[in-house]
Amino acid sequence: SYPTLEIVQDGAVRHVRLNRPDVRNAFNGQVVEDLQAAFAEVDADPSTRVVVLSGNGKSFSAGADLTWMQEQASLPHADNRAGAERMARMFLAIARCRKPVVGRIHGHALGGGTGLTAAVDIALCSDDCQFGLTEVKLGIVPAVISPFVLQKIGVGRARTLFLTGERFDGSEAMRIGLVHRAVPIGSLDAAVQQVVGELLAAGPAAVASAKELIRAVGALPLEDAIPITATWIADLRATPEAKEGFAAFLGKRKPNWIG
Ligand code: COA
């Protein structure tokens with residue numbers, strides 16, 4: 001159990017819920033520590049196949065807790081920087097988790113809340129959800145979340161959104177690639193369930209490999225990718241999971257990881 005999170009296990013699905021609703025799930029040092037530990041734990045748990053990250057209460061997350069940010073700013077520079085690096089590594093733990101991470105985003109996802117949305121693999125949001133890289137409105141910048149956000153929305157869109165700090169809704173978040181789908185709030189849980197169902201119907205090792213594949217080849221020139229991708233599929237199609245997947249299809253039955 002974690003002081004700032006609610007964790008619920010539902011079969012092979014682990015729900016990690018931010019649980020500081022009174023401050024709209026703003027995250028402080030304790031949340032950073034808890035999320036880091038919770039994602040390390042789920043990473044190593046063989047019985048969990050999918051993680052769903054969400055927020056309890058009115059909003060997914062109002063980003064960094066500004067009281068905590070103020071405290072951090074008053075520390076000696078080395079301690080101030082160390083706290084920022086711990087926060088960056090928390091986002092990395094989510095992005096690099098070997099289990100697919102689905103985000104259920106509602107209400108507000110501002111600053112670091114937009115960062116968390118970018119760090120998960122598949123984000124689903126309510127169409128009225130409010131996003132924003134609002135840091136400049138506070139006199140700071142979205143520094144530690146920038147690599148995660150840039151990977152999802154690209155440099156061009158960041159040039160507007162990082163500089164203006166303007167808020168945008170879920171439909172716009174879908175248009176710019178920050179989220180996979182935006183749906184009415186009443187349909188959000190069903191949309192999450194649908195994606196979780198797709199992930200559970202896929203081979204567990206294949207899903208982990210797919211995530212790693214994107215990391216390995218995403219930034220490579222096409223020519224440089226060939227030795228890596230050829231070896232990748234040669235290795236993977238000889239695994240027991242692939243053999244089972246092929247045999248199940250050809251035998252007109254379900255693979256053994258379903259049901
Ligand atoms: N850090 C610390 N406290 C925060 C917070 C944050 N990022 N966001 C909200 N809170 C606190 C508020 O101070 C308030 O505390 P109080 O009840 O003691 O007054 C409480 O959470 C509820 O917030 P409130 O603004 O009253 O709720 P709301 O539902 O009307 O609005 C938000 C929610 C998220 C739109 C609004 O709180 C907001 O804009 N927060 C800042 C978001 C931001 O810019 N984040 C970037 C951080 S780098």
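This is a predicted model: local features need pLDDT of at least 70, side-chain atom pairs count only at pLDDT 80 or more; totals for chains, interfaces and linings use all residues.
Student: Where is Asp 65 placed?

Tutor: Asp 65 is in the loop between S3 and helix H2, which covers 66-73.

Student: Is Asp 65 buried or exposed?

Tutor: Asp 65 counts as buried, because its relative accessibility is 9% and the cut-off for buried is under 20%.

Student: What joins the side chains of Asp 65 and Arg 20?

Tutor: A polar contact of 3.0 Å joins them.

Student: New topic, the ligand. How many residues surround the ligand?

Tutor: The ligand is surrounded by 16 residues. The closest are Arg 24, Lys 58, Ala 62, Ala 64 and Leu 66.

Student: What is the shell like by class?

Tutor: The shell has 7 nonpolar, 3 polar and 6 charged residues.

Student: Which atoms of Ala 62 and the ligand lie 2.8 Å apart?

Tutor: On the Ala 62 side, a backbone N or O atom; on the ligand side, a nitrogen atom. Leu 66 has a polar backbone atom 2.9 Å from a nitrogen atom of the ligand. For Thr 134, an N or O atom in the side chain is 3.2 Å from an oxygen atom of the ligand.

Student: How much of the ligand does the protein bury?

Tutor: The protein buries 61% of the 870 Å² that the ligand exposes when taken alone.

Student: Back to Arg 24. What is its phi?

Tutor: The phi of Arg 24 is near 55 degrees, a positive value in a residue other than glycine. Most residues other than glycine have a negative phi. Arg 24 lies in the loop between S2 and H1. At 32% relative accessibility, Arg 24 counts as partly exposed.

Student: And Lys 252, where does that lie?

Tutor: Lys 252 lies in the segment after helix H10, 240-250. Its phi is near 55 degrees, also positive. Lys 252 counts as exposed because its relative accessibility is 79%.

Student: Last topic. How many residues has the largest nonpolar core?

Tutor: That core has 48 residues. Leu 35, Phe 39 and Phe 131 have the most contacts inside it. Elements that each supply at least two of its residues include helix H1 (29-43), helix H3 (77-96) and helix H5 (146-164).

Student: What does Phe 39 touch, again leaving out residues up to four places away in sequence?

Tutor: Among them are Val 16, Val 51, Leu 53 and Val 101. There is also a second, separate core of 13 residues, including Val 52 and Ala 191.

Notes:
Residues are numbered from 1 along each chain as its sequence is written. Side-chain values use heavy atoms; hydrogens and water are left out. A residue is near a molecule or strand if one of its heavy atoms lies within 4 Å of it. A polar contact is a pair of N or O atoms within 3.5 Å; within protein, one must be able to donate a hydrogen and the other to accept it, and residues adjacent in sequence count only if both atoms are side-chain atoms. Accessible areas come from the Shrake-Rupley method with a 1.4 Å probe; for residues, only the protein chains shown count as cover. Ala, Val, Leu, Ile, Met, Phe, Trp, Tyr, Cys and Pro count as nonpolar, Asp, Glu, Lys and Arg as charged, and the others, Gly among them, as polar. A nonpolar core is a set of buried Ala, Val, Leu, Ile, Met, Phe, Trp, Tyr and Cys residues joined through side-chain atoms within 4.5 Å. Buried means under 20% relative accessible area, exposed over 50%, partly exposed in between (1.4 Å probe, protein chains only). Helices (H or I, at least four residues) and strands (E, at least two) are DSSP runs, numbered from the N terminus. Contact means heavy atoms within 4.5 Å.
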